[in-house]
Amino acid sequence: MHAPSLPVVLALVLTTAAPSASLATSPRAASPLAPEACAALAQTLSEATGIAVTTAVGPARTVDDRAPGGEGCVITGTATGLTRRFGDVSDRLVGALRGWRHDVPFDADGPMSLVRRYTRDGVSVIVLLETENPPGTCADIPIGDCRVPLRRWIWTLKAVAWR
């Protein structure tokens with residue numbers, strides 16, 4: 001590299017490395033849904049999965065750190081006794097959110113878990129569904145080889161919705 005081009009390169013590096021005003025501003029803080037809307041969403045998710053849930057107002061980042069700061073409608077529940085496979089329950093959960101816009105780049109799915117974000121009419125929701133074998137079972141074997149009956153597996157459903 002020739003010495004006269006060094007100042008130009010430095011200027012380009014400094015210009016692209018400096019945060020822009022649009023990136024430096026934080027998104028608007030989350031605010032919870034009205035209690036009726038929160039209860040309706042909770043009922044939809046519970047019916048779809050078969051997991052009884054409770055609702056509360058809490059941090060929007062309860063489910064995922066990529067949510068904005070502020071508070072949202074937090075939906076949580078755990079269950080055992082389900083006899084469907086994970087794929088069936090997750091398909092029902094996704095089906096319950098038909099009509100919402102799915103934010104695909106946000107997905108964080110695994111063999112027995114999913115995290116998804118959806119938006120509709122100014123409302124955002126992040127859902128987490130996971131299941132795991134009971135403690136003390138299936139240690140050190142591939143999850144596909146675990147023969148513990150499905151009804152003994154522990155299911156967790158978490159969601160947070162905000163405006």
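Start by selecting Thr 76, which stands opposite Lys 158 in β6. The model on screen is a predicted one. Residues 154-162 make up strand β6, and seven bridges join β6 to β2 in an antiparallel arrangement.

β1 covers residues 54-59 and β2 covers residues 71-79; the two pair in the antiparallel sense over six bridges.

**From Cys 73 to the disulfides**

Stay on Cys 73 and show its side chain. A disulfide joins Cys 73 to Cys 38, with 1.8 Å from S to S. The link of Cys 38 and Cys 73 is right-handed, with 70 degrees about the S-S bond. This pair links distant parts of the chain: Cys 38 is in helix α3 (residues 35-49) and Cys 73 in strand β2, 35 residues apart. Cys 38 and Cys 73 are both buried.

How many disulfides does the structure hold? It holds two. For the other bond, select Cys 138 and Cys 146, whose sulfur atoms lie 1.8 Å apart. The link of Cys 138 and Cys 146 is also right-handed, with 65 degrees about the S-S bond. Both Cys 138 and Cys 146 are buried. Counting bonded cysteines along the chain, the disulfides follow the pattern 1-2, 3-4.

**The loop between β5 and β6**

Cys 138 is found in the loop between β5 and β6. Check its backbone: phi of Cys 138 is near 60 degrees, a positive value in a residue other than glycine. Next select Asp 140, which lies in the loop between β5 and β6. Phi of Asp 140 is near 65 degrees, again a positive value in a residue other than glycine. Is Asp 140 buried or exposed? Asp 140 is exposed, with a relative accessible area of 82%, whereas Cys 138 is buried.

**The aromatic pair**

Now select Phe 86 and Trp 155. The count of aromatic pairs comes to one. Phe 86 and Trp 155 form this pair, and their rings are stacked, at 6.0 Å centre to centre with 10 degrees between the planes. Phe 86 lies in helix α4 (residues 86-96) and Trp 155 in strand β6, so the pair ties together parts that are 69 residues apart in sequence. Phe 86 and Trp 155 are both buried.

For another ring, go to Phe 106. Arg 66 lies over the face of Phe 106, at 3.7 Å from the ring centre.

**Gly 81**

Move to the loop between β2 and α4, where Gly 81 lies. Its relative accessibility is 43%, so Gly 81 counts as partly exposed. Draw a distance from Gly 81 to Leu 150: C-alpha to C-alpha, the two are 7.3 Å apart in space, although 69 residues separate them in sequence. Leaving aside neighbours within four places in sequence, Gly 81 is in contact with Arg 151 and Trp 153.

**The nonpolar cores**

Which residues have the most contacts inside the largest nonpolar core? They are Leu 41, Leu 45, Val 125, Val 127, Leu 129 and Trp 155, in a core of 29 residues. To see where this core comes from, colour α3, β2, α4, β4 (113-120), β5 (123-132) and β6; each supplies at least two of its residues.

Centre the view on Leu 45. Not counting residues up to four places away in sequence, Leu 45 touches Ile 75, Leu 93, Leu 97, Val 127, Leu 157 and Ala 159. A second, separate core has 11 residues, among them Val 63, Ala 67, Val 115 and Ile 126.

**The whole chain**

Finally, clear the selection and show the cartoon. The secondary structure comes to four helices and six strands. Read from the N terminus on, the elements run α-α-α-β-β-α-β-β-β-β. The chain has 163 residues, of which 36% count as buried. Among contacts between residues at least 6 apart in sequence, 62% join residues at least 24 apart.

Terms used: Residues are numbered from 1 along each chain as its sequence is written. This is a predicted model: local features need pLDDT of at least 70, side-chain atom pairs count only at pLDDT 80 or more; totals for chains, interfaces and linings use all residues. Side-chain values use heavy atoms; hydrogens and water are left out. Two strands pair if DSSP finds at least two bridges between them. A disulfide is a pair of cysteine sulfur atoms within 2.5 Å. Buried means under 20% relative accessible area, exposed over 50%, partly exposed in between (1.4 Å probe, protein chains only). Rings of Phe, Tyr and Trp (its six-membered ring) pair if their centres lie within 6.5 Å; planes under 30 degrees apart count as stacked, over 60 as edge-to-face and the rest as tilted. A charge sits over a ring if NZ of Lys or CZ of Arg is within 6 Å of the ring centre and within 35 degrees of the ring normal. Contact means heavy atoms within 4.5 Å. A nonpolar core is a set of buried Ala, Val, Leu, Ile, Met, Phe, Trp, Tyr and Cys residues joined through side-chain atoms within 4.5 Å.
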